[in-house]
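Here is a short briefing on helix packing and salt bridges. Keep the structure open while reading.

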Amino acid sequence: LTTPSQPSTQELFHVIYGNLLMQDLLETNPTIKQTIANWEEKDLESNLSKNQELKLNSLEETPWVREAQSEEEHMAQLKVYLDDNYVTSQLSDATAKLRQRQLGNGGFSWMPGGRDNWYITQNILEGIGKLKNLGIETGMTSELSTSAISYIDKRLVEHYEKNKGHKNKYIEPIAIHYLYVRSFFKELPIDGKLKKVHAYYFDKAENYWQDLGSYQQGLLALAAEGFDRTDLALSILASLKERMISSEELGNYWNDQAGYYWYNLNIEKQALMIELFQELGGSQDDIDGLKLWLLKTKQTNSWKTNKATSAACYAFLLGNDKWLNSSQQVLLEFPLEQEVIEFGTKEYATGYVKKIYASKEVTTTKQKITALNPNEGVAWGAAYWQYFEELDKIENYQNTPLKLVKEVYKVGVDDSGEILQKVSSDNPLVPGDRLRIRINLQVDRPMEFIEMKDMRSSGLAPTQVLSSYKWQDGLSYYESTKDLATYFYFDFLPKGNWVFEYDVKAAHKGTFSNGITEIQSMYAPEFASHSNGVEITVTKE
């Protein structure tokens, strides 16, 4: 948040936002300050870098070394926030620059020197309103926000005048966002023409809110609650709760398709839903489920933008359930042995611990593990069992969010074109036959930095040997052909079912193991899976 990557006004405001949040967190949670103060070089290890012995390839063999280095640099930079003078200087400098960015009409441009932008101005006011709601003093003059409020009030009236003659039920997203932002500043007068315009949009919302996406419905419900239209707010909340998907593993979420506009982004939407359920008296179980989804998303993804990060931070800081206040060790036990698992010193940065058992220590009485979390917040972990087995005897592993099925087909041709025959012991091959490897992948949640490795027997030769980026069905990935296997690298893997195919040729006579297909998250290696082993027989012509 505090290291802008571009000169936009939003990024400049997030420098202020991030510094103020950090300052407040350090004051209210001494454990965080102690954590950062005790960080040593060995603790500064990103999730991409951890657990190299559990991963398909070392980090250096993947395209993601720079991402890991960037995460570790961010961790190291947190130490500067222990210096109050540094934070004060950052805030003073960024606030002065933000004042300079405000134009004479009260609006802000996206980039310095540009024209005023309605959404950018509201986005900055939204951040100021959220800090105000958290009880964090911004240090900005009231003149800045008052002038900006006056600007967005005028823009709404202009928008109304321009569109009032249109007989449609569509409520523009920018108008809904205005009502939400304006609810943070109810103390500023709403009268005259502006009062009439407010009533117009709320009356329209009463009739047509069902036609909106869930994120816009959430914005509208919070705006309605802020302006004492409680019936509308509760109707929307009840509808959202009915459509909410609840999962013990993933938490609570909505299955709307994410898009490219500001009003259909998943992280911002989930953060807003936490705010909505918090403000409108949703049950703590529902709120915890919403927070769980947001955390589980962070487990396998990085939050790409400052906007998403700032929204998530606000959501976690709302309410009285202080997940950060307790940091007791999760109790793990082998109940059949009545043995409590003793860990060594934990990583002070995150509470991360690991224990390795040698093969002679792994017995059948260790097949069951129980966990007790004494903290308010969630905790997660994983147990890995590594062992040697003949490739052809490996069975498909389906008890995972990543499910793989590998199939091998012989490619033939008839009058209608290509025909595929599944390879089996009853259908032997001869040298020169073309084979198609088909990998079916099912993913139950969006994930980032995923590596898939498809082994190839020594009796087969790849037809495509050049590594390159490929695109299919809106998915991009890097495919790399190496001596032992073909590798697939996904920067981002959306939820859904995916099929990947490539061709090889039978090169040598014999019976070969074609190995298995493996897939794994580089962020969280506990998310992994493998297909069953495949045996291939190539006979003499």
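The axes of helix 7 (residues 173–182) and helix 9 (residues 214–226) come within 8 Å and cross at roughly 35°. The model is predicted. A search of the whole structure gives 25 salt bridges.

**Helix 7 and helix 9**
- Their crossing is left-handed.
- Helix 7 contributes Pro-173, Ile-176, His-177, Leu-179 and Tyr-180, which meet Gln-216, Leu-219, Leu-220, Leu-222 and Ala-223 of helix 9.
- By class, this contact has eight nonpolar, two polar and no charged residues.

**Helix 12 and helix 13**
- Helix 12 (residues 284–300) packs against helix 13 (residues 306–317) at about 140°, with axes 11 Å apart.
- This crossing is also left-handed.
- Lys-291, Leu-294 and Leu-295 of helix 12 touch Ala-312, Ala-315 and Phe-316 of helix 13.
- Five of the contact residues are nonpolar, none polar and one charged.

**Salt bridges**
- Asp-153 pairs with Arg-182, with the closest N and O atoms 3.0 Å apart.
- Asp-153 sits in helix 6 (residues 142–163) and Arg-182 in helix 7, so the pair ties together parts 29 residues apart in sequence.
- Both Asp-153 and Arg-182 are buried.
- Lys-406 bridges to Asp-454 at 2.8 Å between the closest N and O atoms.
- Lys-406 belongs to strand 8 (residues 402–414) and Asp-454 to strand 11 (residues 447–455), so this pair ties together parts 48 residues apart in sequence.
- Lys-406 and Asp-454 are both buried.
- Asp-433 forms a salt bridge with Lys-410, the closest N and O atoms being 3.7 Å apart.
- Asp-433 counts as buried at 14% relative accessibility, while Lys-410, at 21%, counts as partly exposed.
- Shared partners join Glu-249, Lys-296, Asp-444 and Arg-445 into one salt-bridge network.

Key
Residues numbered from 1 in each chain as written. Predicted model: local features only at pLDDT ≥ 70, side-chain atom pairs only at ≥ 80, totals over all residues. Heavy atoms only, no water. Axes fitted to C-alpha atoms, helices over the stretch in contact; angles between N-to-C directions. Helix = DSSP H or I, 4+ residues; strand = E, 2+ residues; numbered from the N terminus. Left-handed = near helix turned anticlockwise from the far one by under 90°. Contact = heavy atoms within 4.5 Å. Nonpolar A, V, L, I, M, F, W, Y, C, P; charged D, E, K, R; others polar. Salt bridge = Lys/Arg side-chain N within 4 Å of Asp/Glu carboxyl O. Buried < 20%, exposed > 50% of the residue type's maximum accessible area, 1.4 Å probe, protein only.
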